[in-house]
Amino acid sequence: MCSGRVDLEFILRAFSNGMDGVFIGGCRLNECNYITHGNYDALNMVLLCRKIMAHIGLNPERLSIEFMSSGEGILFTEVVDDFCKKVKELGPLGTSAEIDEDELKSKLEEVRKLVPYIKIVKREKLESRLDNEEEYDGYFTSDEIDKLFSEVVSYHIDPDKCRACMICLRRCPVEAIAGGKNRIHVIDQDKCIKCGTCFEVCPPRFGAVDQISGEPVPPPIPEEERTIVRKSKKK
Ligand code: SF4
Ligand code: SF4
C-alpha cells in the first residue's frame, strides 16, 4: 500500500534470494494522501541501503526508487524499462566487478541479522525528511557506514553481577535471554537483535549488562554454574 512499508530487510532478502535488481515505486513526494509521508521514509531507507550495498561489494545501481502518481503510466513504463536495461547491463548478481556469489550471500546474511540494530542506530536520520534532492548523495557517507559496521555493539550479562531479577528476560523482545528464578541470566548471541533493552532495564544497583564493541563477547557461563545460592536471612 505504501512505499514506507518497504523495509530494509525486504530488499536485502530479495538480493539474498538472487534477485539482480530491486525497484521501488512510490507516490510523488509531498503528495502523500496521509499524514505519514511514508515515501520519505522509503527514500531514506534506499539511500542507506545503497551505501550498505557498496560497503559489502554490491553495485548500488541495482537498487532504484522512483516517485510518480498512479496516472503516470507512461513514466512508469519508461523508468521500469530503463531500470531493467541497467540491471541487464550489470549482469547477474555476483558477477562482473562484484564479489563472488557465495561471499556476497554470506555478507548479505550478516547484514540482515543487523537490520534491527541498524534501524535503531540510524533512526533519527531514517525519520528525517529530505526536501532537497542535492542532499541525497551525501546523506549517508561511506565512512559512516564503515563505522556503523566496525563499531557494532553486543550485549553480555556479567555472571558475577546478575542477581536474577528477571527484568531483562521479561523485556527482551525476541526471547534471547535464558534465565529464571535464582538463575544467572545469559544472552543467546544468535537470537539477540542488539536493541539494548536489557542494558537499559537492568537496575543500576546491579549494572549487570555490559555493552561490548570491538572485542569478542565472552562465552556463556556453563549451565551447571548458573544457580545463585543466596544467603538465608537470619531469624
Ligand atoms: S540487546 Fe535486546 S535483543 Fe539482545 S538480549 Fe538484550 S533485550 Fe534481548
Ligand atoms: S536485569 Fe540485570 S540483574 Fe536482572 S536478571 Fe537481567 S542481567 Fe540479571
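This is a predicted model: local features need pLDDT of at least 70, side-chain atom pairs count only at pLDDT 80 or more; totals for chains, interfaces and linings use all residues.

Student: Is Arg-226 buried or exposed?
Tutor: Arg-226 counts as buried, at 11% relative accessibility. The cut-offs are under 20% relative accessible area for buried, over 50% for exposed, and partly exposed in between (1.4 Å probe, protein chains only). Residues are numbered from 1 along each chain as its sequence is written, chains are lettered from A and ligands numbered from 1 in the order written, and side-chain values use heavy atoms, leaving out hydrogens and water.

Student: Which side chain meets Arg-226 in a salt bridge?
Tutor: Glu-223 does, with 3.6 Å from N to O. A salt bridge is a side-chain nitrogen of Lys or Arg within 4 Å of a carboxyl oxygen of Asp or Glu. Some of them share partners: Glu-9, Arg-13, Glu-109 and Arg-112 are joined into one network that way.

Student: How many salt bridges does the structure hold?
Tutor: Eleven. Take Lys-122 and Glu-144, whose closest N and O atoms are 2.9 Å apart. Lys-122 sits in the loop between helix H5 (115-121) and helix H6 (123-127) while Glu-144 is in helix H8, so this pair ties together parts 22 residues apart in sequence. Helices (H or I, at least four residues) and strands (E, at least two) are DSSP runs, numbered from the N terminus. Lys-122 is buried at 13%, and Glu-144 is buried too, at 16%.

Student: And what about Lys-107 and Glu-103?
Tutor: They form a salt bridge, with 3.9 Å between the closest N and O atoms. Both are in helix H4 (residues 101-113), four residues apart, which means about one helical turn separates them. Lys-107 is partly exposed at 28%, and so is Glu-103 at 37%.

Student: How do I describe two packed helices?
Tutor: You give the angle between their axes and the distance between the axes. Axes are lines fitted to C-alpha atoms, for helices over the stretch in contact, and angles run from 0 to 180 degrees between N-to-C directions. Here, H2 (residues 38-55) and H8 (residues 142-150) pack at about 70°, their axes 10 Å apart. That makes H2 roughly perpendicular to H8; the word covers 65 to 115 degrees, with under 35 roughly parallel, over 145 roughly antiparallel and the rest oblique.

Student: Which residues in H2 and H8 meet?
Tutor: From H2, Leu-48, Lys-51, Ile-52 and His-55; from H8, Ser-142, Ile-145, Asp-146 and Phe-149. Contact means heavy atoms within 4.5 Å.

Student: Now the ligands. Which residues are closest to ligand 2?
Tutor: Cys-162, Cys-165, Met-166, Cys-168 and Cys-202, out of 13 that surround it. Near means a heavy atom within 4 Å. Ligand 1 also has 13 residues around it, and Cys-172, Cys-192, Cys-195, Gly-196 and Cys-198 come nearest.

Student: What does phi tell me about Met-166?
Tutor: Most residues other than glycine have a negative phi. Met-166 has a positive one, about 75°, although it is not a glycine. Ala-164 has a positive phi as well, about 55°. Met-166 is in the loop between S3 and H9, and Ala-164 lies in the loop between strand S3 (153-157) and helix H9 (167-171). Ala-164 is buried, at 8%.
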